[in-house]
Amino acid sequence: MKILFLGDVSNFHNTLAHALRGAGHECIVASTGCSWQRIDCDINITRQEGLFGSVKFATKLPFLLAKMRGFDIVHFISPHFLTLKPDKLLQVLTYLKQNNRYLFYSACCTDYSYLTTCHDGNTFRYSDFLIGNEPSPYVKSHEWAIHNHWNNPEVVDYHHHFINNMDGIVACLYEYYVSYKNIDKPLTYAGIPINTDALPPRYIENEPNKVRFFIGIQRQKTILKGADRLLEAAQRITARYPQLCELAIAENVPYKEYLQLMSSSHVVLDQLYSYTPATNALVTMAQGMIAVSGAEPEYYDFIGEAENRPIINVSPLIEDDIYNKLEWLVLNKSQLPALSRASRDFVVKHNDSNIVAKKHIDFWNKIIAK
């Protein structure tokens, strides 16, 4: 098949395209390169800021669209796949619908359906937006933006148009699957693709003298992902046990440099408000490091994993849970070698990019065969 991936986040579509090319498909990735992460892409769809950037993008858009015709599959990373207002996005969406065979949505970003599910107060015990019955720190600091963007009638109306135009939805996380399971569209779960061949394991062979913690900070997502609370707990631990652990911090560095910086670590702190490990945690685990992230029982049950549960799950609902989990790692560092191998095994079994690519192919073929 000839496949266009429109948009990318955290190397998701680029990794999936690589695996599909290996299976004999022709893939094109059109993205911004995920901003400062500088992820590879075939077509750059970056729109620069300001009036000059708007004029330049408007001039470039017809040439970009000319390259987006004649595909068997177009896979969107987000309803807001280009930096355009909803009315303009709808025009582009209509063009793509008319000039390609099938449209699919990789549900892996915040959108109106996910945001609504997070706010219903019943589906999740906590999320990026609601912790128990309380607004999350992100919502408290961005309440105006959420109300004026996601709940803007124009954005809501466009979101429904976007979903109605999709031939199917592929969820990459448990949370996104749950958010779409009651929508009348073909839906499947495939997971996040990780190129495990490109990430050879650096197993923790023996109990280390010091546990090396690592955290990557994305400035615009620090509060959203709970990195501020993870960092605070890690700093408390290293201050209390300086002879047993140390902490390295990376902030807004390109993806390849980030991988190099994290590679000498034992434990990587990822995110707090998720039921599911996302890309950063899975890349960590593929290299034989231990991830501190979201991994609730609902997620393990959903993917059918009853035995190997190596992710250090931290909860925003339990006071000092992050601190206590990190302290356990420091005081039980003899467990790190076993967790290291279990982490790699987990990703190879559930998230290897070839496995995730096959799930996509099977789903596409099921829709096409109808």
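Visitor: How many cavities of 30 Å³ or more does the structure hold?

Guide: The structure holds one cavity of that size, 30 Å³ or more. First, some ground rules. This is a predicted model, where local features need pLDDT of at least 70, side-chain atom pairs count only at pLDDT 80 or more, and totals for chains, interfaces and linings use all residues. Residues are numbered from 1 along each chain as its sequence is written, and side-chain values use heavy atoms, with hydrogens and water left out.

Now the terms. Rolling a probe the size of a water molecule over the atoms shows where empty space is left. On a 1 Å grid over the protein atoms alone, a cavity is a set of points where a 1.4 Å probe fits but cannot get out. A pocket is an open set with protein on both sides within 12 Å along at least five of seven lines. Lining residues have an atom within 4 Å of a point. Grid points are joined across faces, edges and corners, and a volume is the space filled by probe spheres set on the points.

Back to the cavity. The largest cavity holds about 30 Å³ of space. Its lining includes Cys-172, Leu-173, Tyr-189 and Gly-191. Ile-192, Thr-276 and Pro-277 also line this cavity. So do Leu-282, Tyr-299 and Asn-351. By class, seven of the lining residues are nonpolar, three are polar and no residue is charged. Here Ala, Val, Leu, Ile, Met, Phe, Trp, Tyr, Cys and Pro count as nonpolar, Asp, Glu, Lys and Arg as charged, and the others, Gly among them, as polar.

Next, an open space. The second largest pocket has a volume of about 380 Å³. It is lined by 22 residues, and the closest to its centre are Asn-11, Asn-14, Thr-15, Asn-195 and Tyr-255. Three helices each supply at least two residues of this lining: H1 (12–22), H10 (255–262) and H11 (279–286). Helices are DSSP runs (H or I, at least four residues), numbered from the N terminus. H1 gives the largest share, five residues. The classes in this pocket's lining are ten nonpolar, eight polar and four charged.

One last stop: the cysteines. The structure holds zero disulfides (pairs of cysteine sulfur atoms within 2.5 Å). The sulfur of Cys-108 has its closest cysteine sulfur in Cys-109, 4.2 Å away, which is too far for a bond. Cys-108 is buried (under 20% relative accessible area, with a 1.4 Å probe and protein chains only), at 11%.

Terms used:
Buried < 20%, exposed > 50% of the residue type's maximum accessible area, 1.4 Å probe, protein only.
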